[in-house]
Amino acid sequence: MKKPSGRSLAYLAAGLVVALILAQLIPVNRSNPPIGAELEAPAAVLEVLRRSCYDCHSNETTWPWYSRVAPVSWLVARDVSEGREAVNYSVWGSYPAGELAELLEETWEEVAEGEMPPAMYVWLHSEARLTTADREILRSWAADGDR
């Protein structure tokens, strides 16, 4: 196999730089829609959810600097969109009662299984890591049925 020449590597590097620059022109939706019928829960529950969940599961996303740099911006915007679609605490009060029960159960299952918050998110946002006490707060909230 022939080893690439220095000139070939320079062209490749230049092409990658141009591609990254052009990627910045692709629009990404980083909006925060209005808050609707927001979640009403005990203060301890709200504190945990705001710290560990709201960036992806509410209309109160704090968009970090890297959410403005493609291609990472595409991944962050997709994660927020999917998170809001799964459950959005900013419109919690607008979900039908039966759906609220399912969302509470699913929320606790995701936390109990260690799926939420995602490891990559916690790696970038260490304050989002759930403690044993945080998990107990969410478990009790889910078991009490949103009281």
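Author: Happy to. Helices here are DSSP runs of H or I with at least four residues, strands are E runs of at least two, and numbering starts from the N terminus. With that in hand, α4 is the element that gives the most to the lining of the largest pocket, with eight residues. Please keep in mind that this is a predicted model, in which local features need pLDDT of at least 70, side-chain atom pairs count only at pLDDT 80 or more, and totals for chains, interfaces and linings use all residues. Residues are numbered from 1 along each chain as its sequence is written, and side-chain values use heavy atoms, with hydrogens and water left out.

The largest pocket has a volume of about 530 Å³. A pocket is an open set of points on a 1 Å grid over the protein atoms alone, where a 1.4 Å probe fits and protein lies on both sides within 12 Å along at least five of seven lines; lining residues have an atom within 4 Å of a point. The volume is the space filled by probe spheres set on the points, which are joined across faces, edges and corners. Of its 24 lining residues, C56, V76, D79, P118 and Y121 are the closest to the centre. Besides α4, both α3 and α6 (119-124) supply at least two lining residues. By type, the lining divides into 15 nonpolar, six polar and three charged residues (nonpolar: Ala, Val, Leu, Ile, Met, Phe, Trp, Tyr, Cys and Pro; charged: Asp, Glu, Lys and Arg; polar: the others, Gly among them).

One of those central residues, V76, leads us to the loop between α3 (54-57) and α4 (72-86), where S67 sits. Leaving aside neighbours within four places in sequence, S67 is in contact (heavy atoms within 4.5 Å) with V76, R30 and S73. S67 counts as buried because its relative accessible area is 1%, and the cut-off for buried is under 20% with a 1.4 Å probe on protein chains only (exposed is over 50%, partly exposed in between). The side chain of S67 also reaches the backbone oxygen of P64 at 2.6 Å.

T61 belongs to that α3–α4 loop as well. With 7% relative accessibility, T61 is buried too. A polar atom of the T61 side chain lies 2.7 Å from the backbone oxygen of D55. Again leaving out residues up to four places away in sequence, T61 touches N32, Y54, D55, V80 and R84. Another residue that touches Y54 is L49, whose other partners beyond four places in sequence are L39, Y89, L138 and W141.

The α3–α4 loop holds P71, and the peptide bond from A70 to P71 is cis, with omega near 5°. Most peptide bonds are trans.

How values were computed
A polar contact is a pair of N or O atoms within 3.5 Å; within protein, one must be able to donate a hydrogen and the other to accept it, and residues adjacent in sequence count only if both atoms are side-chain atoms.
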